[in-house]
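Please look over the model shown here before reading the report that follows, which goes through a few local features and then the overall arrangement.

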Amino acid sequence: MACYICDKHQAGDGVVAGDDLMVLAHVLPDASGGGPVYLGHLVVEPRRHVPGLADLTPAEAAALGKWAARGARALRAEHVYSSVVGHRIDHLHLHLFPRYPGTPRDYWWPRLEEWPDAPLGGNVEVTQLVGEIRARLDVAGAGR
Ligand SMILES: [Zn+2]
């Protein structure tokens, strides 16, 4: 059965970092029909194809928390929102939405992307940001 997230893991698209159990990745423009995406919108995804939080093993649950925390730190945002929605894809993915300093309160989550000055980007900007976030993770020296 085809799964967007399983395929993405195989190709390595948008992957920032990960370990045997989890992948930390940036959302890709192709997930939103090719349009620009909110820069810094990360997802933590189990490598195993499981639909929800309740399906995680204890080790996967610990890894999910670890990567959510590391991703949130690396975003250097004023605040990081997080949610599991899963209306379109039945492979668990925990969203991390950074709110950057200066975001007017009217555009706080879930309206971050509606702010006219919101940082949006295509593949080029996402690839550059993935590199920056990866470097921040390395600088933090947190290893795997
Ligand atoms: Zn999958």
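## The loop around Glu113

Leaving aside residues up to four places away in sequence, Glu113 touches Tyr38 and Ala118, where contact means heavy atoms within 4.5 Å. Glu113 lies in the loop between strand 6 (94-99) and strand 7 (120-121); helices (H or I, at least four residues) and strands (E, at least two) are DSSP runs, numbered from the N terminus. The relative accessibility of Glu113 is 45%, which counts as partly exposed, given that buried means under 20% relative accessible area, exposed over 50% and partly exposed in between (1.4 Å probe, protein chains only). The C-alpha atoms of Glu113 and Leu94 are separated by 18 Å, the two residues being 19 apart along the chain.

Pro110 is found in the loop between strand 6 and strand 7 as well, and a cis peptide bond with omega of about 10° joins Trp109 and Pro110.

## Basis of the model

This is a predicted model, in which local features need pLDDT of at least 70 and side-chain atom pairs count only at pLDDT 80 or more, while totals for chains, interfaces and linings use all residues. Residues are numbered from 1 along each chain as its sequence is written, and side-chain values use heavy atoms, with hydrogens and water left out.

## The zinc site

The zinc ion is coordinated by Cys3 (SG), Cys6 (SG), His49 (ND1) and His91 (ND1), at 2.0 to 2.3 Å; donors are N, O and S atoms within 2.8 Å of the metal (3.2 Å for Na, K and Ca), and since water is not among the atoms, sites may look incomplete. The angles among the four donor atoms are 105 to 116°, and the site is tetrahedral, a term used for four donors if all angles lie between 85 and 135 degrees.

Along the sequence, the donor residues follow the spacing C-x2-C-x42-H-x41-H. Cys3 is buried at a relative accessible area of 4%, whereas Cys6 is partly exposed at 26%.

## Sheet and backbone

Five strands form an open, antiparallel sheet in the order 1-2-4-6-5, and strand 1 (15-18) and strand 5 are its edge strands, each pairing on one side only. Two strands pair if DSSP finds at least two bridges between them; strand 4 (residues 42-46) and strand 6 pair in the antiparallel sense over three bridges, and Val43 stands opposite His95 in strand 6.

Arg76, in the loop between helix 2 (58-75) and strand 5 (79-84), has a positive phi near 50° and is exposed, with a relative accessible area of 56%. Most residues other than glycine have a negative phi.

Key:
Four donors count as tetrahedral if all angles lie between 85 and 135 degrees; four count as square planar and six as octahedral if opposite donors are over 155 degrees apart and all others between 65 and 115; anything else is irregular.
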